[in-house]
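Biologist: Walk me through this model, please. I want each term backed by its cut-off.

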Amino acid sequence: MIQMFDVYKVYPNKHSALTAINLHINKGDFTFLTGQSGAGKTTMINLIFCAERATKGQIVVKGINLGKIKKSRIPYLRRDIGVVFQDFKLLNSRTVFENVVFALEVTGARRAEIKRKAWQVLKLVGLQNRLDATPLELSGGEQQRIAIARAIINDPTILLADEPTGNLDSEITHDIMELFKNINNRGTTVVIATHNNTLAQQYATRHLTLERGRIINPEEQ
Ligand SMILES: Nc1ncnc2c1ncn2[C@@H]1O[C@H](COP(=O)(O)OP(=O)(O)OP(=O)(O)O)[C@@H](O)[C@H]1O
Ligand SMILES: [Mg+2]
């Protein structure tokens, strides 16, 4: 589902964020990517959904070589990849409902279908009573849960979550992990990036650790 072959990422300022990354994430895996701040977790996530390009090496996602993908195909690839961003990236002038359905509207889904799915995912994350609020009227944890609802509304094949429980207390963190597990049980390949090693040990079926841009436990792959 996600493969990397000797991947390097060097940012324009010459900072080397990833070095010699080889990985093979299979369909249905529930993978944790851990590492300290600056280890390269967000960079890995950004490479997988084509927000950044590898400097060297090959990345294959759903059988598509990202080094060769046409720009016009990238939106189609992204429709099938849900992303929970570390900084949420919510539209503050839009309501909870509008934020969550945004990705569905561009696919041309029908209004009734959009409403049904929005209700379903917002119920899953426990925010079905806040449809008309705007993100700035919500707590950090609530905003994080909207970001999760938005990422899963399209039933993506791959779900990438960057520090998805960073602002949540341990009870809600557990609920969110159970939610990710449920999504995973429906066949979605889930990749969760976090600095929280304990969380990974508790929930991961696969656990990759990054240290200064290198995977230090490749034998687990
Ligand atoms: N756009 C960029 N330009 C230059 N350097 C960058 C850029 N983005 C990230 N970096 C550098 O690359 C390294 C890896 O960053 P990355 O954001 O992937 O780390 P991270 O593991 O997600 O950290 P955190 O836990 O703090 O989110 C860091 O040293 C960072 O400073
Ligand atoms: Mg990060």
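Biologist: Which residue is the bridge partner of V60 in β5?

Modeller: That partner is N65. Some ground rules for this predicted model: local features need pLDDT of at least 70, side-chain atom pairs count only at pLDDT 80 or more, and totals for chains, interfaces and linings use all residues. Residues are numbered from 1 along each chain as its sequence is written, while chains are lettered from A and ligands numbered from 1 in the order in which they are written.

Biologist: How do you know that strand β4 and β5 pair?

Modeller: DSSP must find at least two bridges between two strands. Strand β4 (residues 56–61) and β5 have two, in the antiparallel sense, so they pair. Strands are DSSP runs (E, at least two residues), helices likewise (H or I, at least four), numbered from the N terminus.

Biologist: Over how many bridges do β1 and β2 pair?

Modeller: Six, again antiparallel. I21 in β2 is the bridge partner of V7. Five residues lie between these strands in their hairpin, and there K14 takes a positive phi near 75°. β1 also runs antiparallel to β4, joined by five bridges. Y8 stands opposite K56 in β4.

Biologist: Why is one side of β2 and of β5 left without a neighbour in the sheet?

Modeller: The open sheet has four strands in the order β2-β1-β4-β5. β2 (16–25) and β5 (64–65) stand at its edges, so each has a single partner strand.

Biologist: Which order do the six strands of the other open sheet have?

Modeller: β6-β7-β8-β3-β9-β10, with mixed pairing. Here β6 (81–84) and β10 (214–215) are at the edges. Strands β7 (residues 158–162) and β8 (residues 189–194) pair in the parallel sense over five bridges. A161 stands opposite I192 in β8. α1 packs on this sheet, touching β3 (30–34), β7, β8 and β9 (206–211), and its direction makes about 155° with that of β7. Helix α6 (residues 170–185) also packs on the sheet, touching β3, β7 and β8.

Biologist: Why are α3 and α5 called roughly parallel?

Modeller: Their axes come within 7 Å and cross at roughly 30°. Axes are lines fitted to C-alpha atoms, for helices over the stretch in contact, with angles from 0 to 180 degrees between N-to-C directions. Under 35 degrees counts as roughly parallel, over 145 as roughly antiparallel, 65 to 115 as roughly perpendicular, and the rest as oblique. So α3 and α5 are roughly parallel. V96, N99, V100, F102 and A103 of α3 meet I146, A149 and R150 of α5 (contact: C-beta atoms, placed from the backbone, within 7 Å).

Biologist: How many residues surround ligand 1?

Modeller: 14, and the closest are Y11, S37, K41, T42 and T43. To count, a residue's C-beta atom, placed from the backbone, must lie within 6 Å of the molecule. Helix α1 (residues 41–48) gives the most, with three residues. By class, the shell has three nonpolar, 10 polar and one charged residues.

Methods:
Nonpolar A, V, L, I, M, F, W, Y, C, P; charged D, E, K, R; others polar. Contact = placed C-beta atoms within 7 Å.
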